[in-house]
Amino acid sequence: MGVRPTTTNASPTQREMYQKSNTSSPSLVGSLMKTLKSSNSTRRQSAGENAEGSTYEASQRPHRFLARSSSQNSLPLHHGRGVSHIHMSPLRKSSSGNSNTQKDRQQHSHSQKRDKYFTDLDEDWSAVIDDYNTPIPMTANGGIELKPPVSVGSKKEHVDSRSPSAGYPSLPQLNKTQSSGLKSQYEQENERELQELNSLMHRVAKFDEILHPSNATRINLSELRRLSWNGIPMIHRPRVWRLLIGYAPANIKRQNTLLQRKRQEYRDGVELVFSKEHTRDIPTWHQIEIDIPRTNPLIPLYQFPLVQQSMQRILYLWAIRHPASGYVQGINDLVTPFFQTFLTEYLQAGQKDDVGNISPDTYLTYEQLVEVEADSFWCLTKLLEQITDNYIHGQPGILKQVKNLGQLVKRIDSDLHEHFVHENVEFIQFAFRWMNCLLMREFSMSMVIRMWDTYLSETSLESTSSAAAEGSSMTVASDTSLQSSPVGAFREVSSSTNLQGKHSAVLTSHQTSLSEFHVFVCAAFLVKFSDQLINMDFQETITFLQNPPTKSWSESDIELLLSEAYIWQSLYKDATSHWR
Amino acid sequence: MNTSVTSIKLVLLGEAAVGKSSIVLRFVSNDFAENKEPTIGAAFLTQRVNMGDHTIKFEIWDTAGQERFASLAPMYYRNAQAALVVYDVTKPQSFIKARHWVKELHEQASRDIVIALVGNKLDIIENGAERKVAREEAESLAQQEGLLFFETSAKTGSNVNDVFLGIGQKIPLKTAQNQAQDGGRGSSGLRINDDSRVDLRASNGQATSASGCNC
C-alpha cells in the first residue's frame with residue numbers, strides 16, 4: 001500500500017516554473033505594462049465610445065514595435081483555448097531534464113504522478129500538444145535550454161518555493177543559474193517581459209477588435225469566447241462577462257437599450273419587493289441578513305454598509321423570484337465576483353486592482369451603484385440558471401456532481417481513489433463545498449475571477465431561453481449551432497476532439513454545462529495533491545482538503561488547472577456522456 | 001483498561017449563525033473570529049483532551065446550519081457518539097430548532113448518543129442585551145430529554161471547554177460498558193471504526209432517485 005509506480009524519465013515541469021517566475025517577477029517592464037494597461041483604460045473611461053478607436057491605436061503601436069522581437073511567442077497565447085498554457089511536459093518524455101538530472105530529482109517526484117496520468121495518451125495527442133507548447137525560452141535563446149530566471153526580491157516566488165504542497169516543484173537550479181552569469185538572466189527576464197507585454201498588448205487589441213467590430217453590428221461571440229478562455233484583460237472584463245453570460249446582447253445597437261431596460265426592471269423589482277404591498281419573507285430575509293457580514297469577511301469592500309445593503313437587495317430579490325431554491329448559503333459567495341468586477345468599470349485604471357479595499361461611494365454615485373447592483377443581479381441569475389439543481393431541496397445537482405467527481409477520480413487516479421476508499425474518505429466530505437461554492441472558498445478572489453473568465457467562456461449559453469424571450473437577442477443564436485434548441489445542442493455529446501478550437505462550430509459543440517466542466521476542474525484540483533494525499537490518513541486528508549494550500553497560487557497556476565481540466569474533459573467526454 | 005487514546009466522534013447541530021463553528025474554533029484553537037464565513041456542508045476538526053489517566057480525542061463534524069443543508073446531517077450524526085445541539089440565547093427561534101434536533105437525534109441517531117444542549121452567545125446578554133431563551137426552559141428540556149446542559153460564550157470562551165469535558169466524562173464509561181456487554185455492535189465502540197465514518201449512501205440514494213440517473 002502506498003507505493004506508487006515510478007517513472008524514470010519524468011521531465012521537470014520547466015515551463016511551469018518558467019511561467020511562474022515570469023509572472024511574479026517585478027521589473028521595469030512589468031511596471032511599464034501596468035502603466036500601459038492603465039492609460040488604456042483611463043482614456044476609455046473618460047472619453048467614451050468615440051475615443052475607442054484611438055485607444056485601440058495606442059495599444060496597437062507598441063505592439064507593432066515589439067512584435068519583431070517576439071512574434072512567435074505571442075502566438076500560442078491566442079490559440080488553442082488554454083492549451084498553450086499547459087506545459088504538458090510529461091508527454092514529452094525525451095525533451096528536457098538531461099543536463100541536471102540530479103537536481104531535478106526532487107521535481108521528478110512531483111511530476112511522476114502527472115506522468116502517469118498521461119501514459120494512455122496516444123502519439124497524436126502529444127503531437128498536437130507539442131505544437132502548442134513550443135517552448136518560449138528555446139526560441140528566445142537559440143534553442144538552449146533555459147533555467148528559470150532568478151527573480152530578485154520576488155516575495156511570491158519565495159513563498160511558492162517554500163510550499164511544495166502547492167503542487168509545484170521547488171527551484172533547485174537557481175544557484176546554478178546564478179553562477180552561470182547574472183547578466184544573461186536579466187536579459188532573458190527582460191526579454192520575456194517584453195514578450196509578456198507584447199502579448200498583453202496584443203490581447204487588449206484583440207478584445208478591442210472583437211468588442212468594436214468596424215464593419216459589423218454584432219459581436220462575434222464565438223470569437224470572444226475563444227479569446228476569453230485564456231483570460232480577459234481587466235479593462236474589458238465587465239463588458240465581456242455581461243456578453244458571455246448572455247446578459248448583454250451581441251447586437252451592438254441593442255446593447256444600451258437592453259441594459260437600460262434590465263436595470264430599470266431590477267429597480268422596479270426592488271421597489272416592489274420592498275414596498276408595503278409585499279409581505280417580507282422573514283426567514284429568508286433573516287438568513288440573508290446574518291450571512292451578509294459573513295460574506296468575504298476578509299475583504300474590506302464587503303464590510304461597507306452601502307455594499308452590504310446592495311448585497312442584501314440582490315440576494316433577497318433573487319431568492320423571492322426563485323422560490324424553488326430560495327436563498328442558499330453559498331449563493332452569497334457567488335454574487336461577489338460579479339459585483340466586484342462591475343465596480344471596476346467605475347474605477348480609475350490604477351485603482352482597479354484595489355476594488356476590494358475602496359468604498360464605492362468615493363468613486364460612484366448611488367445611481368451608478370444601483371446599476372452595478374442590477375448587473376450583478378442579472379448575471380447572478382444567469383449563472384444560477386445553469387446550476388438550479390444545486391440549490392433546490394435536497395441539492396440533487398451537488399450530490400450528482402460529487403458522485404461524478406468520485407467516478408472521474410477513480411478513472412484518472414485509481415490509486416488515490418483506492419486510498420480514499422481504504423481511509424473511508426468520502427468525496428462528499430470535502431467536495432460538497434467545492435460544488436456548492438464553485439471552489440470559491442478554495443481560492444482568493446482574484447483567482448476566482450480569473451477562473452470565471454474561463455468558466456463563462458466554456459459553459460454559458462448566450463442564447464438561453466430567457467434571453468430569447470426578451471425578443472431582443474433572437475439573432476444571437478444564429479452565431480452558433482445552438483440556434484434551434486439551445487438546450488438540446490447543449491446536451492449533445494461532441495465527438496470532435498479538436499483541441500485547437502479554430503472553428504467556432506467546433507467550439508460551440510465543445511460547450512459544456514457549468515456543472516460538468518466544474519467537476520473536471522475539481523478533479524484536476526484534487527489530483528494535483530495526489531502525491532501528498534496518498535500518504536495521509538482520514539483526518540489528515542479531510543483537514544488538508546478543507547484548507548488546501550492555494551494561498552500562493554498565481555494566475556498561471558489557475559490557468560494550468562483549467563487547462564488540465566479541459567484536457568480531462570476532452571479525454572473522458574465519452575466516458576462521462578451519461579452525466580448529461 | 002489501558003490509558004490509550006479514546007476517540008469520540010462528535011457532531012454539532014443547530015440553526016444557522018448560532019455559533020457552532022465558533023464553539024469549535026474556541027475549543028480547538030482557543031480563538032474567536034467575529035464574522036466567520038457560513039459553514040457549507042460540514043467542517044471537520046479534531047482536538048485531544050487529557051482527562052486524568054486517559055486521553056480523549058474528539059473528532060468533530062461541525063455541520064452547516066441552514067435548513068437546506070439539513071438533509072446532509074444524518075450522515076454526520078448517524079454514528080456519532082456525542083452531539084452538541086447549539087442555540088443562541090438571544091434567538092428564541094434557534095431554541096425551537098434545537099428542540100427539533102434533539103427529537104431527531106433521539107429518533108434517528110445511535111441509541112447511546114450523548115447529547116449536550118448548548119445555549120451560546122452568553123456574552124451578548126452579559127453586555128446588556130435581552131435574554132430570549134430562559135435558562136430554566138432550557139434546563140427543563142435538558143432534564144426531560146436526558147441531556148447535558150451548558151450556557152457558553154464562544155467569544156469569551158466561557159464554559160466552552162466544560163461542554164467537551166462533560167461529554168468526555170460521560171462517554172468512556174458508557175462505551176466501556178457497551179464494550180463489555182455487546183462489544184462488536186459497532187456504532188458506539190471505543191475506537192472510531194471504519195464503518196462509523198460518514199455514510200454517503202443514505203442521502204445519496206435520495207439524490208440518485210431524484211435525478212433519475214442510476215448508472
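1. B:N30 is exposed, with 10 other C-beta atoms within 10 Å. The residue lies in the loop between α1 and β2 (42-51) of chain B. Its backbone deserves a look in this predicted model. B:N30 is not a glycine, yet its phi is positive, at about 50°. Most residues other than glycine have a negative phi.

2. A:L438 also calls for a backbone check. Its phi is positive, about 50°, and A:L438 is not a glycine. The setting is the loop between α19 (427-436) and α20 (445-459) of chain A. Is A:L438 buried or exposed? A:L438 is buried, because 26 other C-beta atoms lie within 10 Å and the cut-off for burial is 20 or more.

3. Chain A as a whole. The chain has 27 helices and zero strands. Of its 580 residues, 50% count as buried. Take the contacts in chain A with a separation of 6 or more: residues 24 or more positions apart account for 81% of them.

4. Helix α3 of chain B covers residues 92-108, 17 residues in total. From first C-alpha to last, α3(B) reaches 24 Å. That is close to the 24 Å expected at 1.5 Å a residue.

5. Which residues of α3(B) are buried? They are B:S94, B:F95, B:K97, B:A98, B:W101, B:V102 and B:L105. These residues cover an arc of only 155° around the axis, so they sit on the same side of α3(B). The spacing fits a general rule. An α-helix has 3.6 residues a turn, so residues three or four places apart point the same way. Note that a lysine, B:K97, is on the buried list.

6. The other side of α3(B) holds exposed residues: B:I96, B:K103 and B:E107. An isoleucine, B:I96, is one of them.

7. What covers the buried residues of α3(B)? The cover includes strands β1 (6-14), β4 (82-88) and β5 (114-120) of chain B. Helices α2 (73-77) and α5 (135-145) of chain B are also among the covering elements.

8. B:V18 belongs to the loop between β1 and α1 (20-29) of chain B. B:V18 is buried, with 30 other C-beta atoms within 10 Å. Leaving aside neighbours within four places in sequence, its contacts are B:G65, B:V86, B:Y87, B:D88, B:S94 and B:N120. One of these, B:S94, is a buried residue of α3(B).

9. B:V18 and B:E107 are 89 residues apart along the chain. Their C-alpha atoms are separated by 23 Å. B:E107 is on the exposed side of α3(B), whereas B:V18 is buried.

Note on methods:
Residues numbered from 1 in each chain as written. Chains lettered and ligands numbered in written order. Predicted model: local features only at pLDDT ≥ 70, side-chain atom pairs only at ≥ 80, totals over all residues. Helix = DSSP H or I, 4+ residues; strand = E, 2+ residues; numbered from the N terminus. Expected span 1.5 Å × (residues − 1). Buried ≥ 20, exposed ≤ 12 C-beta atoms within 10 Å, placed from the backbone. Arc of directions from axis to C-beta. Contact = placed C-beta atoms within 7 Å.
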